[in-house]
Amino acid sequence: MTSNNTKSGFGAIVGRPNVGKSTLINQILKDKIAITSNKPQTTRHRISGIYTKGNNQIVFLDTPGMHKGKDLLNKRIDKIAVSSLKEVDFVIFVVDKAYSLAESYIIEYFNSIKIPVFLVINKIDLLPNKSAIDEIIISYLGKYDFKGVYPISASNDTNINYLLDDITNILEDGPFYYPEEVKTDQTEQTLMAEFIREKILYYTEEEVPHATAVIIESLNYNKKYKTLDVTALIIVERDSQKGILIGKNGSKLKQIGTDARLDINKKFDLKVHLTLWVKVKKDWRNRESELIRYGYGNE
Ligand SMILES: Nc1nc2c(ncn2[C@@H]2O[C@H](COP(=O)(O)OP(=O)(O)OP(=O)(O)O)[C@@H](O)[C@H]2O)c(=O)[nH]1
Ligand SMILES: [Mg+2]
């Protein structure tokens, strides 16, 4: 890890909830380091994704979607994205529709930091034709002095190479901050808890996904069966949510567990035996001590 001839930089990926920020970071890294879902407010932490190619290293920070949160958890989450802006060399601003007041609120933050912002128009695969893309691009004209505009599809890996090339061009001489093979700063435990949360987001609706936290309680290698025995605790706010998560005869929890286990097996290339428990903690999203316990303390 010498600084000889190497270039590096930090970039925050920001935008409204659900625009595809985490999908983009996964696609850039060709690895699943951030969970994704079709529900807003999926990402709750700042997640580093480290992209190393040749002499260049880019540390991308995936951030929670910016929105005005009501409870303490959401207020905290919203702060993560804003504070990330102050710690980076450039910003990737992801949008999936034309300019509106919601985007203007985010652009106001860029005005105060004055660093390069790459505007990414995501989900172009959903648009009917090129003029629909142009319409979105035009709506952002004059709103900020963007470093460039990149119509992409994060899920289909369309045009992301142009974005990466241009980011690479603005990197300055600097050391590698992580060993070349490292792709994220998250612990294995955090990743496992997140994979479980992703399945909860997939299998539940309305307030249940948002009222859920997951923590890994124990990890033990079982020599006899050559498995990693993982016990995870799923926290919800109300008895009714617990009932929904468990499902009829435990069917939903079983489904969540099976899917999460397959993801964990694949990611870590090992056999996991996963046990899930559901526990009710009333109003945990508004209680500081609980937020800290579940990993949502001030970052
Ligand atoms: N069709 C299409 N869907 C996409 C694309 N990129 C992301 N999505 C979908 O958009 C949804 C949201 O993606 P995420 O990556 O979780 O969005 P996010 O911006 O990280 O969301 P938050 O973490 O909640 O802020 C998921 O259902 C993705 O599969 C894309 O290029 N095309
Ligand atoms: Mg996300």
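View 1. A backbone N or O atom of Gln 41 sits 2.8 Å from an oxygen atom of ligand 1. With the protein around it, ligand 1 has 88% of its area buried, out of 660 Å² exposed when taken alone (accessible areas: Shrake-Rupley method, 1.4 Å probe). Ser 22 places a polar side-chain atom 2.9 Å from an oxygen atom of ligand 1. For Val 19, a polar backbone atom is 3.2 Å from an oxygen of ligand 1. A polar contact is a pair of N or O atoms within 3.5 Å. This is a predicted model: local features need pLDDT of at least 70, side-chain atom pairs count only at pLDDT 80 or more, and totals for chains, interfaces and linings use all residues. Residues are numbered from 1 along each chain as written, chains are lettered from A and ligands numbered from 1 in written order, and side-chain values use heavy atoms, without hydrogens and water.

**View 2. The shell around ligand 1.** Ligand 1 has 22 residues around it (a heavy atom within 4 Å). Lys 21, Thr 23, Thr 42, Thr 43 and Asp 125 come nearest. By class, 14 are polar, 5 nonpolar and 3 charged.

**View 3. The two domains.** The domain assignment gives domain 1 (7-173) and domain 2 (188-293). Their contact takes 15 residues from domain 1 and 21 residues from domain 2 (heavy atoms within 4.5 Å). The C-alpha centres of the two domains lie 28 Å apart.

Definitions and conventions. Polar contact = N/O pair within 3.5 Å; in protein donor to acceptor, adjacent residues only side chain to side chain. Nonpolar A, V, L, I, M, F, W, Y, C, P; charged D, E, K, R; others polar. Domains from an automatic or database assignment.
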